[in-house]
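This briefing covers selected local features of one protein model.

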Amino acid sequence: MPTAYDLAYRTLLTLAAPVLWARPALRAKLSRARRHRDGDVQQRAGNGPCVLIHAVSVGEVNATREMVTQLLEGRERADRPPQVVVSVTTDTGLQRARQLFAAPEFADRVTVVPYPLDLSRYVRRFLDRVRPDVAVLMELEVWPNFVLECSRRGIPVVLVNGRLTERSYRSYRRIRPLVRPMYGRLAEVCAQEQSYAQRFIELGVPEARVSVTGTMKFDSAQVGERVEGDEELAQSLGLSPRAWGGSELLLVGGSTGPAEEAMLLKVHERLRAAHGALRLVIVPRKPERFEEVASLMKARGEVLRRSQANTSRSNAAAHPEMNRAPLLLGDTMGELRKFYSLADVVVVGRTLIDLGEKQHGSDMIEPAALGKPVIVGPFTGNFAEPMHAFLAAGAVRQVGTPQALPSIEQLSAAIGEWLADPPAAADVGR
């Protein structure tokens with residue numbers, strides 16, 4: 001039988017029908033989600049205990065790594081070692097999870113599957129196949145049908161790395177009678193900080209089930225000066241980074257969102273007057289935007305795409321035109337840290353423009369862990385606790401405010417200052 005939540009979803013879908021028909025791309029996306037997120041995942045083998053960990057996208061997937069590692073390390077001590085199933089919502093997150101958990105230490109120990117849409121028949125099918133003994137949700141990925149069905153089956157649901165921003169809290173508070181039963185069913189909430197913990201309590205989680213455990217985002221940081229494969233990347237693209245004693249300066253814009261690429265291109269154009277050897281690397285957050293960003297960059301100058309450069313050591317020598325391209329597009333998956341390793345200055349994307357609360361901030365911990373000087377804009381809510389620590393230590397530079405967005409002049413001045421003073425930039429990175 002459908003639940004009350006199913007009826008609510010059906011009503012919302014009916015009301016949204018005119019919008020869906022007017023926007024074919026959105027309609028196609030919904031249709032694809034219903035095909036691929038219907039809970040029809042591979043049946044879990046065996047009857048041993050199972051931990052289901054759900055992550056939304058790339059950031060949450062990366063944050064699960066250390067938790068999964070520690071769960072697996074405990075297998076040798078356990079009488080009945082658990083299996084781990086990682087479910088993911090987005091296509092990019094699913095791709096990242098499959099890449100991450102294909103590593104030898106996770107082989108045959110971790111299964112990656114798509115998370116179902118929150119329709120009761122999909123959720124039931126999914127839980128029938130996975131048969132978890134405990135479900136772990138990352139940050140704020142709480143869906144009513146999923147939590148209700150887990151409760152009916154006696155599966156405890158734990159929220160870890162819990163984060164509930166002021167804006168999200170206000171939205172939930174307006175419908176508190178509807179969400180209170182959902183939050184009341186959670187077995188445990190591990191919140192990143194006290195303000196988040198209090199909001200969860202006010203939305204219906206019993207106080208005794210809420211604890212403050214800090215952020216897991218630092219757990220995935222790999223501290224060091226180099227990244228495996230960065231030298232091969234530099235050679236294949238004909239790069240000679242100053243960070244390695246070469247002659248070129250490299251500005252990297254990582255995990256960028258719409259409109260941010262245009263800002264960085266203008267900044268690069270302005271800075272080249274003083275730093276002629278400056279090359280700009282842009283790595284968009286979403287692969288589906290690669291072509292769009294490539295066109296934007298081509299309108300500004302010669303562009304070298306990572307996907308079109310092979311990995312031969314003689315590639316740069318065979319194609320000297322590479323050394324002339326001032327703009328580089330990182331249009332492959334899993335190489336952002338390599339680009340960060342080559343950078344003189346890093347600008348972290350999804351922080352310069354307000355792209356919506358869920359898009360506030362890409363990971364600034366990753367370049368900071370490589371000792372790079374990092375610049376961010378004012379929109380960093382997804383990394384509130386790390387930002388508090390970084391700002392207190394003078395380890396990042398924040399430009400602009402939500403009320404006064406960073407200007408091209410401000411960004412150019414901040415980046416130019418570090419390009420002109422390598423020791424100062426190195427101190428910030430250290």
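A residue is called buried under 20% relative accessible area, exposed over 50%, and partly exposed in between. The model discussed here is predicted. At 27% relative accessibility, Arg 131 therefore counts as partly exposed.

**Positive phi angles**

- Arg 131 belongs to the loop that connects α5 (120–130) with β4 (134–138).
- The phi of Arg 131 is near 50°, a positive value in a residue other than glycine.
- Asn 161 is also a residue other than glycine with a positive phi, in this case near 55°.
- Asn 161 is located in strand β5 (residues 157–162), and its relative accessibility of 1% means that it counts as buried.

**Burial of helix α6**

- Helix α6 (residues 144–152) is largely enclosed by the rest of the structure, because seven of its nine residues are buried.
- The buried residues of α6 are Pro 144, Asn 145, Phe 146, Val 147, Leu 148, Glu 149 and Cys 150.
- Among the elements that cover these buried residues are the helices α1 (4–22), α5 and α8, together with the strands β1 (50–55), β4 and β5.

**Packing of α7 and α8**

- Two packed helices are described by the angle between their axes and the distance between the axes.
- For helix α7 (residues 166–174) and helix α8 (residues 176–184), the axes come within 6 Å and cross at roughly 105°.
- Angles of 65 to 115 degrees count as roughly perpendicular, so α7 is roughly perpendicular to α8.
- On the α7 side, the contact is made by Tyr 169, Tyr 172, Arg 173 and Arg 174; on the α8 side, by Arg 176, Val 179 and Tyr 183.
- By class, the contact of α7 with α8 comprises four nonpolar and three charged residues, with no polar residues.

**Second largest pocket**

- The volume of the second largest pocket is about 540 Å³.
- Its lining consists of 28 residues, and those nearest the pocket centre are Leu 370, Gly 371, Lys 372, Pro 373 and Ala 426.
- Helices α15 (365–369), α17 (408–420) and α18 (422–429) each supply at least two residues of this lining.
- With four residues, α18 gives the most to the lining of the second largest pocket.
- The lining residues divide into 18 nonpolar, four polar and six charged.

Conventions. Residues are numbered from 1 along each chain as its sequence is written. This is a predicted model: local features need pLDDT of at least 70, side-chain atom pairs count only at pLDDT 80 or more; totals for chains, interfaces and linings use all residues. Side-chain values use heavy atoms; hydrogens and water are left out. Buried means under 20% relative accessible area, exposed over 50%, partly exposed in between (1.4 Å probe, protein chains only). On a 1 Å grid over the protein atoms alone, a cavity is a set of points where a 1.4 Å probe fits but cannot get out, and a pocket is an open set with protein on both sides within 12 Å along at least five of seven lines; lining residues have an atom within 4 Å of a point. Grid points are joined across faces, edges and corners, and a volume is the space filled by probe spheres set on the points. Ala, Val, Leu, Ile, Met, Phe, Trp, Tyr, Cys and Pro count as nonpolar, Asp, Glu, Lys and Arg as charged, and the others, Gly among them, as polar. Axes are lines fitted to C-alpha atoms, for helices over the stretch in contact, and angles run from 0 to 180 degrees between N-to-C directions. Angles under 35 degrees count as roughly parallel, over 145 as roughly antiparallel, 65 to 115 as roughly perpendicular and the rest as oblique. Contact means heavy atoms within 4.5 Å.
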